[in-house]
Amino acid sequence: MPGYPKSCRGVSKPGRAWVLLAILPLVLPTAPAGAQLTVETRVAENFRREPQGQILGRLEAGVPLSHVSSQASWTEVSLEGWVWTASLRTTDREGFQLVVSVGGGENVRAAPSGEILGRLEEGTLLEELDREPGWTLVRRSGWLWSPSVAVAEELAEGSEAAQSNDGFVRLGDRTPILSSPDGDTLAFSSAEGDVQVLARQGNWTRVRLDGWVWRPRATEGDAPDADDAPVGDVTPDMLTGQGGDAYVGRRVTWRILFISLERAEAVRTDFFEGEPFMLGRFGGGDGPFVYVAVPPERIDEIQGLTPLEVVTITGRVRRASSALTETPILELLAIERGAGR
């Protein structure tokens, strides 16, 4: 969908064909032996000490970083850059040698007096790498929200692909397939999938893969499978209570008091950053809060709602209880106005 990254939820059912590629845009691959794995920021983003933790600074879009590890929806990276020495003081805390000491923080740059990569907060601990007159090269590891990170992997020659006959190539397990050279990761290969070679450009090869994917029915107009039929008499309290996760993926129809249309911040890890969602109350003004993720093609429809308007929605349960507020999250499938106020 335009406006925020796509997700892919795995489906396991008897008798279904397995896809050769797993579409995992939020998961970064582990660098194979002999490979250099780097990432860069897609957008300006907070740089944190730990997932959802203390903000160490904020990085600009396009900053090159070294990939350290990945955890759920978060990516650990290593930042290197130059900081004005007068804005630092020495320390021996937590194995670091320097700390940002000026109020309001200080810029970190690609070179002395060079391009600004971001701004580090006062109190951020740093490792010292080198010095030049007036400037210090520093390093710090931290965490970024994975949808804000793009992958750029350079494989060691011959490490992941073995050339075969007839214009086909066999890829190694979980070789990233990109949208373009140095572009976004679209998918990862399996170790058993041969791909057709279409073109070559320097160290890059354009490939084609034929295969089958399982497409779960996700629209209101589709005839549901037996286990995809709407479930009745389900309330938010049932979702947030014990056993509520059993309803994830099921469709429900609720009467909702519309409050506002919001955009998800990075701290809301059950959404993509910037993903639009509707804030409402189940059943009316005294009911529990619910979140309804809104697809981009329905934004205009939701923007036309009046605050405190009562609507009937059909949605698919994304999360029984959000990590941040323990609120149910639905994905909007259909909406009906004219339910009164």
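Buried means under 20% relative accessible area, exposed means over 50%, and partly exposed is anything in between (1.4 Å probe, protein chains only). This is a predicted model, where local features need pLDDT of at least 70, side-chain atom pairs count only at pLDDT 80 or more, and totals for chains, interfaces and linings use all residues. Residues are numbered from 1 along each chain as its sequence is written, and side-chain values use heavy atoms, leaving out hydrogens and water.

**View A. Trp84 meets Trp135 edge-to-face.** Rings of Phe, Tyr and Trp (its six-membered ring) pair if their centres lie within 6.5 Å, with planes under 30 degrees apart called stacked, over 60 edge-to-face and the rest tilted. That rule gives 6 aromatic pairs. In this one, the ring centres are 5.3 Å apart and the planes sit at 70 degrees, so it's edge-to-face. Trp84 belongs to strand β5 (residues 74-84) and Trp135 to strand β11 (residues 135-145), so the pair ties together parts 51 residues apart in sequence. Strands here are DSSP runs (E, at least two residues), numbered from the N terminus. Trp84 is partly exposed at 39%, while Trp135 is buried at 12%.

**View B. Trp254 and Phe282 form another ring pair.** Their centres are 5.2 Å apart with planes at 75 degrees, so this pair is edge-to-face. Trp254 comes from strand β19 (residues 251-263) and Phe282 from strand β20 (residues 276-282), so parts 28 residues apart in sequence get tied together. Trp254 is buried at 3% relative accessibility; Phe282, at 23%, is partly exposed.

**View C. Phe271, Phe277 and Tyr291 make a cluster.** Ring pairs do the linking.

Conventions. Helix = DSSP H or I, 4+ residues; strand = E, 2+ residues; numbered from the N terminus.
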